[in-house]
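Trainee: Could we go through this model term by term, setting each value against its cut-off before we conclude anything?

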Amino acid sequence: MKDQELANQILKKVGGKENVNSLIHCVTRLRFKLKDETIAKTEEIKNLDGVITVVKSGGQYQVVIGDNVEQIYDRIIPRLDETMAGKPVQEEKQKTSLGNAAVQLLSALFTPILGPLAASGILKGFLVLLTLTNVLSTKSGTYMILYASADALFYFLPILLGFSAAKVFKTNQYMGAVIGAALVYPSMVSAYNSGQTLHFIGVPVVLMSYVQTLIPIIAAVFFLSVVEKFLNRVIPKSLKGIFVPLLSLIIVVPITFLVVGPITSTLSTWLATAVLALYKLIPPLAGFILAGIWQLAVLLGLHWAFIPIFLNNIATKGFDPINAMLYCTVFGQVGAALAMTIKAKDVKFRELGTTAVISGFLGITEPIIYGITIPHKKSFVMASIGSAFGGAIAGFSSAKMYGGFASGGIFGIPMFIGSHGINSEFIGFLFSLIVAFTVALVLTLLLVPSVKSGEHDSTLSKKESAVIEAPVDGTIEPLTNVNDQVFSKELMGPGVAIIPSKGEIYAPFDGKVISVFPTKHAIGLRSDNGLELLIHIGIDTVNLKGKYFKSLIKNNQNIKKGQLLETFDIKSIKEHGYDITISVVVTNINEIGDIDVKFQSGTVNVGDIIIENRIAEELIDHGKLI
C-alpha cells in the first residue's frame, strides 16, 4: 500500500479528522489522542498493509508503523491542518488518572526530540571511539565540527525543551525557547563558571549551571503559562501584542534565576543522587529486575517515566547506569526473534522474522514485539529472561552511559565508552548484550514450539464462538430503525437496537471495558474471545454531558456476564426530548467474519442471547478453528 493511501485509510478508520484531538509520532508509532476511541476500527487498522499493530496506552491511541512512520505522519498532518484551519486542536477535557497524566506529559515533552536525541548521542559515542583509536584528533577541524553537531542538542537542551514544554502547557512556544536561551546565555554561563556574584535589584542570585538541564526549564515554562494567562486577562486587547511578551520576560526570567532555577536544579541533583543510591544497593539485582520487566514496561507505556531520569543523571552526574542495564533488552528480543525465525516452517513468518531481526539490531523492536514475540508469548518470556541476566551483568560491571542518550541497537554501543577508554565497565556492558542475546536465543530454540506452515496467520485470527446477551430489558428492533445514520447505515458495524424498559445496563459477556465515554452515554467492551461491542444509550444524549447517567465501571476493568455496568434515568432523559433507543453494535466485524442476529422484534430480557458469531461456529464445527 502506498504511503498516501495508507495515511488516508488510517485517518478514516480512527474516525476521521473530526475524531482527532492531536497527533504526534515517535520513532515507530503514530500517537493519536482521539475524542472517542470506541469509534476507531482497531482491527481494520491492524489489518492494513503497512501497520504492525495498534496499542492503547497512556491515554494515546498508538498505530505502530515501523521505520516508515514519519512519511505516514507527514501525509496525515496536512489533512488535520486543513480541518483545523491552522488553529490548534482543542482537546475535550477528560478525567484521567495521575499516572496517565504523567505519561501523557512526559510523552508530549520528549517525543518530538527523541530522534535528534538518539542521533546526537550515537554521534558522540562514535566520536569517542574515533578519538580513542587515534582516527581523529580532538583539535582537528573535522572533530570540532562533528562534536558541535553532536553536543549542540545537549548543551542547548533548555531551549528545545522550552519550545516543547510551551506547546504542552499551551503558551507561546517562542517565549518558552527564549526563556531556555536565557538560562544558557553565554554571559550567565561564564558568570557561573568564574564564581561571579550577581544581584538582581539588590537580591542575590544563586547562580547554577543550566546547561543540559531538564526540570528547571519545564518548571519555568509552566510558570510562564500561568503568568501569560493572567496577563492576557488584565491587559487590553490592543496592547497584548507587545506588553504580554514584554511583561512575561520581565517577570518569568528573573524569578526563574532567583527562585525556580535554584530549587528545581537542587531537586534534579537530589533525584539523581537518590536514583543512584538505590542502584548502588545491589546493582546486579537492580539490573536483573529492571531489564527483566523493561519490555513489558515499554508495552504499557511506562518507559516514559525513565527517560527524564536517564537525561537528568547525565546532566547532573555526567553518566547514567540505568540505561546501561536496560540496553541489553533490545538484544534479548532480537535473540528470541532470531530463534523463532530459524525454527519457523512458515515462509511468511520467516520473511517477517528476518526483517524484524535486522530492525532489532538497529534498535527498532516493534516489528519483533508485535509481529513475533507477543503473538508467540513464550518467546517474549524467553527474551525477558535473557534480558534479566544481561541486565544483572551490566549492573555487576557498573556499566554506564556517558554524555548523551542511546535509544538502542548496535549504533548506540560506543556511547557506553567513557573518557577513560575501553575498560572493565565497557567490556562488562558488551558481555551483557551477548548474554541477553544468547540466553534468549538458546531458551527459545529449546523451549518454544516452532511456527508451522500456515500457523502464523491462524494465530492472529482464530476465535472461539462468541455470543452476546441482551445488556438491557426492553423491546428489540432492527438497527436500521435507529434515527441516526451512523447506526442505521451500520457505519459503526452491524447489531440491534433496543428500546429500554428499565434504566440498567448489564455486561453481555465476560470481558473487559475498552472505554467509558466521559459523558457516560456510550460504553465500549471487548469479550474474552475478541468480539468488540459498543453500547450507545440514546440519540444525541452526549449533549446531556453525563447528567442522568451513572457509570459503575472504569476503563480497562474486567467484567463478568450479568454484571451491572451503568444506570440511567429513562424518564428524565425523555423529558429533555431525547430518543432513548439503545444501539448495540459489533465494531470489529471485519475481524470476526460475520454475526447472526437471533431476532429483531419482540421483548428481550437481560441474559437473552441476541447475537451469535455464526462464522466462528461454522469453522469450529468443521475443525478449522482450534
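Trainee: What makes β16 and β18 a pair of strands?

Mentor: Strands are DSSP runs of E with at least two residues, helices are runs of H or I with at least four, and both are numbered from the N terminus. Two strands pair if DSSP finds at least two bridges between them, and here 3 bridges join β16 to strand β18 (residues 564-568), the two running antiparallel. One of the facing positions is phenylalanine 549, whose bridge partner in β18 is phenylalanine 568. This is a predicted model, in which local features need pLDDT of at least 70 and side-chain atom pairs count only at pLDDT 80 or more, while totals for chains, interfaces and linings use all residues. Residues are numbered from 1 along each chain as its sequence is written, and side-chain values use heavy atoms, with hydrogens and water left out.

Trainee: In what order do the strands of that open sheet lie, and why is one side of β12 and of β16 left without a neighbour?

Mentor: The open sheet has 3 strands in the order β12-β18-β16, with antiparallel pairing. β12 (504-506) and β16 (549-551) stand at the edges and each has a single partner strand, so one side of each lacks a neighbour in the sheet. From one strand to the next, the twist averages 15°, where axes are lines fitted to C-alpha atoms, for helices over the stretch in contact, and angles run from 0 to 180 degrees between N-to-C directions.

Trainee: Why is strand β19 described as largely enclosed?

Mentor: The term to apply is buried, meaning under 20% relative accessible area, against over 50% for exposed and partly exposed in between, with a 1.4 Å probe and protein chains only. In β19 (residues 582-586), 5 of the 5 residues are buried, so the strand is largely enclosed by the rest of the structure. Ile582, Val584 and Val586 point one way and Ser583 and Val585 the other, all of them buried. Strand β11 (residues 495-500) pairs with β19 in the antiparallel sense over 4 bridges, with isoleucine 498 opposite isoleucine 582. Strand β15 (residues 532-537) also pairs with β19 in the antiparallel sense, over 5 bridges, and there leucine 533 stands opposite valine 586.

Trainee: What makes helix α12 mostly covered?

Mentor: In α12 (residues 307-317), 8 of the 11 residues are buried, among them Ile307, Phe310 and Leu311. Just after α12, glycine 318 takes a positive phi of about 90°.

Trainee: Why is the pair of tyrosine 143 and tyrosine 147 given the name it has?

Mentor: A pair of aromatic rings is described by the distance of the centres and the angle of the planes. Rings of Phe, Tyr and Trp (its six-membered ring) pair if their centres lie within 6.5 Å, and planes under 30 degrees apart count as stacked, over 60 as edge-to-face and the rest as tilted. The structure holds 15 aromatic pairs. For tyrosine 143 and tyrosine 147 the centres are 5.6 Å apart and the planes at 15°, so this pair is stacked. Both tyrosine 143 and tyrosine 147 lie in helix α5 (residues 141-155), 4 residues apart, about one turn of the helix. Tyrosine 143, at 14% relative accessible area, is buried, whereas tyrosine 147, at 33%, counts as partly exposed.

Trainee: And what kind of pair do tyrosine 210 and phenylalanine 257 form?

Mentor: Their ring centres are 6.0 Å apart and their planes at 80°, so the pair is edge-to-face. The pair links distant parts of the chain, 47 residues apart, with tyrosine 210 in the loop between β6 (203-205) and α9 (215-234) and phenylalanine 257 in helix α10 (residues 240-281). Tyrosine 210 is buried at 2% relative accessibility, and phenylalanine 257 is buried at 10%.
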